[in-house]
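Subject: Structure handover

Hello,

Here is the structure for your set-up work. My notes on it follow below.

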Amino acid sequence: MKSMYLRSIVALACAATLAACGGKGGDIYLGGSVVGLSKTGLTLTNGSTTLAVAAGASSFNFAQTISADSDYNVTIKDSDQPKGAKCTVINGKGKASTFNVTTVLVSCLTDQYTLGGSVSGLDAGQSITLVNAPDSLEVKANGAFTFTQTVGDGSTYVVSVLPASVPANKTCTVPNGSGTMGSANQGGLNVACVNK
């Protein structure tokens, strides 16, 4: 008799716990984390439900809930990507339990491009150091150069000459050293060194 009484209490406790979590047929929230989204234009789908995700977002939740034991499949709408970035959905497909789904991950990477140009006016044996923080590059002769680190589509760059690296008889400037990276490699920076 005592065993039957304990089983009843356990059953009631389990039922109350399930109800608190949504229970069978209850409202389950579907969402997760977003990493690296710096562009607009990302729309997620789950069946016929859509959700626009803002640039800079670190998480998302669909407004429409799903039922416990129902299947979900989070994808990028029509495989469209935000302009200048590529996003991937990880853990997007599964079956809901009685708990909110928070394990979907949307990982985005902004398209990357190289930044470079040409140096003129150095004498033989002279060098200068160019900076596009945090990247720096020592240029040991006139001609073309390319920074080691790439720059993301839509990101700003500011290229300057490290003053301590300028030869004593020269003045070096980068007239077009600042701008916003477009959707292609930028190789048109001009670093001009002239005699004092």
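Strands E3 and E7 pair in the antiparallel sense over three bridges. Strands here are DSSP runs of at least two residues, marked E and numbered from the N terminus. Two strands pair if DSSP finds at least two bridges between them. In this pairing, Leu44 stands opposite Ile76 in E7.

Before going on, the ground rules. This is a predicted model, in which local features need pLDDT of at least 70 and side-chain atom pairs count only at pLDDT 80 or more, while totals for chains, interfaces and linings use all residues. Numbering runs from 1 along each chain as its sequence is written, and side-chain values use heavy atoms, with hydrogens and water left out.

**Around E3**

E3 spans residues 42-46, and four of its five residues are buried, so the strand is largely enclosed by the rest of the structure. Buried means under 20% relative accessible area, exposed means over 50%, and partly exposed is in between (1.4 Å probe, protein chains only).

E3 also pairs with strand E4, residues 49-53. That pairing is antiparallel, over five bridges. Thr45 has Thr50 as its bridge partner in E4. The hairpin of E3 and E4 has two residues between the strands. Gly47 in this hairpin takes a positive phi near 65°.

Asp78 sits in the loop between strand E7 (71-76) and E8. Its relative accessibility is 61%, so Asp78 counts as exposed. The C-alpha atoms of Asp78 and Thr45 are separated by 8.8 Å, although the two residues are 33 apart along the chain.

Ser70 belongs to the loop between strand E6 (66-67) and E7. The Ser70 side chain reaches the backbone oxygen of Ser67 at 2.5 Å. That is a polar contact: a pair of N or O atoms within 3.5 Å, where within protein one must be able to donate a hydrogen and the other to accept it, and residues adjacent in sequence count only if both atoms are side-chain atoms. Ser70 also touches Gly94, Lys95 and Ala96, leaving out residues up to four places away in sequence. Contact means heavy atoms within 4.5 Å.

**E10 and its partners**

E10 covers residues 101-110 and pairs with strand E2, residues 30-35, in the parallel sense over five bridges. Ser33 has Leu105 as its bridge partner in E10. Strand E8, residues 85-90, joins E10 through six bridges, and these two run antiparallel. Here Cys87 stands opposite Cys108.

**Disulfides**

How many disulfides does a search of the whole structure find? It finds two. The cut-off is a pair of cysteine sulfur atoms within 2.5 Å.

One joins Cys87 to Cys108, S to S 2.1 Å. Cys87 lies in strand E8 and Cys108 in strand E10, so the pair ties together parts that are 21 residues apart in sequence. The torsion about the S-S bond of Cys87 and Cys108 is about 110°, so this disulfide is right-handed. Are the two cysteines buried or exposed? Cys87 counts as buried at 5% relative accessibility, and Cys108 is buried with a relative accessible area of 9%.

The other is formed by Cys172 and Cys193, with the sulfur atoms 2.1 Å apart. Cys172 lies in strand E19 (residues 170-173) and Cys193 in strand E21 (residues 186-195), so this pair ties together parts 21 residues apart in sequence. The link of Cys172 and Cys193 has 115° about the S-S bond and is right-handed. Cys172 is buried, with a relative accessible area of 13%. Cys193 counts as buried at 6% relative accessibility.

Counting bonded cysteines along the chain, the pattern is 1-2, 3-4.

**A buried charge**

Please look at Asp135, in strand E14 (residues 135-139). Asp135 is buried yet has no salt bridge. A salt bridge is a side-chain nitrogen of Lys or Arg within 4 Å of a carboxyl oxygen of Asp or Glu. The nearest side chain of opposite charge, Lys140, is 15 Å away. For charges, Lys and Arg count as positive and Asp and Glu as negative; His and the chain ends are not counted.

What lies 3.3 Å from a polar atom of the Asp135 side chain? The backbone nitrogen of Thr148 does. Setting aside neighbours within four places in sequence, Asp135 is in contact with Leu130, Phe147, Thr148 and Gln149.

Best wishes
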